[in-house]
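Morning, everyone. Let me put the model on the screen, and then we'll walk through it.

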Amino acid sequence: MLQFTKYFILLFLFTATGSFAQNTAINTGINTKNPGSRLTVNGSVAGDYKIITGNAVLGYTDYYAAYNGNADAMLHLPPAGWGSLKGRVYAIKNTSNYMLTVIAPAQETISGTANMSSVTVPPGYYAKLISRGTVTGSTWELLAIMDGKATSVTVKKALDYSFGMDIGGYPISPTGFTVADNNPMFLPESQTMFTMPVAKPVFLNVAIGLADYTYPRVFSKSPYYRCDLVIDGVVVSHLFQIAQQQYVGSSLRFNISGVLNLSAGPHGIWVNITRWNDDGHTGNQRLMVLSVVYDGVYLD
């Protein structure tokens, strides 16, 4: 009787319609006998829905998160060191009237038009990100950011500028400059002009690469630098980045991203750099601009 029961159960699993099944290609089907993909679902699919009202960290069980708080907030992505996150997708919408900033973990970045430490999601906008499966550097990828209230939008370019030093360029070049303690310095080759045809919020991404040829090098000191974005002669208070130098003489990299409301007409943009905390090193440092990249888009 026991042996008969076993055969009956196996026969039922292989022939019943609407059951869990696998074919010879090791595909899995739910409510289907012949799955054509690794996972085939003949029916609806549900993901976790979560409403947050303040600063939060996304976890393993999260999928869709809607921010509906009463102030600007920060939403932290989980560190890659939590485990294998490859392919994990987060959908995030800002349903509030305040700014939401999605932040990558320390020492990690989000891949968009540049490697960014954070992504700003304005009120009414929606962002989607996926884990790249890496554990250092650019661990997350920005799949989309769009106006969640619009039926369709067109992404238009507002700013597209780049500068790169010639390969093998000598340190004594037009891109060289000296920076001292707590004294903002204009970054050579960072100034350009662009024109907005309409008044719109602009998504800005900035990438800066610097070399340090201060001599002698001081391997025991690791100063901090602050990089500020300047628009029309005014420092933009929320668009800046702080980076620590590994040692005096090592290279530096800055990435700045965010949203800025701009009026129609011409605008000037450049970058200021300040030795923000000298970590005990008080001598002037000689830096050189290796690259400057500006990217700005708006939705129409």
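Pockets first, so a definition. On a 1 Å grid over the protein atoms alone, a pocket is an open set of points with protein on both sides within 12 Å along at least five of seven lines, where a 1.4 Å probe fits; a lining residue has an atom within 4 Å of a point. Grid points are joined across faces, edges and corners, and the volume is the space filled by probe spheres set on the points.

Two housekeeping sentences. This is a predicted model: local features need pLDDT of at least 70, side-chain atom pairs count only at pLDDT 80 or more, and totals for chains, interfaces and linings use all residues. Residues are numbered from 1 along each chain as its sequence is written, and side-chain values use heavy atoms, with hydrogens and water left out.

Now, what is the volume of the largest pocket? About 1200 Å³. It has 38 lining residues, and the closest to its centre are E108, S117, Q241, I242 and N255. I'll be naming strands, so: strands are DSSP runs of E, at least two residues, numbered from the N terminus. Several strands give two or more residues to this lining, including β10 (108-111), β21 (234-244) and β22 (252-262). β22 gives the most, with eight residues. By class, the lining has 18 nonpolar, 17 polar and three charged residues. Here Ala, Val, Leu, Ile, Met, Phe, Trp, Tyr, Cys and Pro count as nonpolar, Asp, Glu, Lys and Arg as charged, and the others, Gly among them, as polar.

The second largest pocket holds about 320 Å³. Of its 19 lining residues, L142, I145, F203, N205 and V297 are the closest to the centre. Which strand supplies the largest share of this lining? β14, with four residues. β12, β19 (200-212), β22 and β24 are among the others that supply at least two. The lining has twelve nonpolar and seven polar residues, and no charged ones.

Next, the sheet. Two strands pair if DSSP finds at least two bridges between them. Seven strands form an open sheet, with mixed pairing, in the order β4-β6-β8-β13-β14-β10-β11. β4 (49-52) and β11 (115-116) are the edge strands, each pairing on one side only. β4 and β6 (64-67) run parallel, joined by four bridges. Across that pair, K50 stands opposite A65.

On to β20, residues 224-231. Is β20 enclosed or open? Six of its eight residues are buried, so β20 is largely enclosed by the rest of the structure. Buried means under 20% relative accessible area, exposed over 50%, and partly exposed in between, with a 1.4 Å probe and protein chains only. β20 pairs with β21 in the antiparallel sense, over seven bridges. V230 has V235 as its bridge partner in β21. β20 also pairs with β23 (265-277), antiparallel again, over eight bridges. There, Y225 stands opposite R275.

Between β20 and β21 the hairpin has two residues, and D232 takes a positive phi near 55 degrees. D232 is not a glycine. At a relative accessible area of 43%, D232 is partly exposed. A second case is E189, with phi near 65 degrees. E189 lies in the loop between β17 (185-186) and β18 (192-196), and at 30% relative accessibility it is partly exposed. For context, most residues other than glycine have a negative phi, and most peptide bonds are trans. Where is the cis bond in this model? From Y215 to P216, with omega near 0 degrees. P216 is in the loop between β19 and β20.

Last topic, aromatics. Rings of Phe, Tyr and Trp (its six-membered ring) pair if their centres lie within 6.5 Å; planes under 30 degrees apart count as stacked, over 60 as edge-to-face, and the rest as tilted. The whole structure has five such pairs. Take Y161 and Y294: the ring centres are 5.5 Å apart and the planes at 35 degrees, so the pair is tilted. Y161 is in β15 (155-164) and Y294 in β24 (285-299), 133 residues apart, so the pair links distant parts of the chain. Both residues are buried.

One charge over a ring to finish. The criterion is NZ of Lys or CZ of Arg within 6 Å of the ring centre and within 35 degrees of the ring normal. R226 lies over the face of F240, at 3.9 Å from the ring centre.
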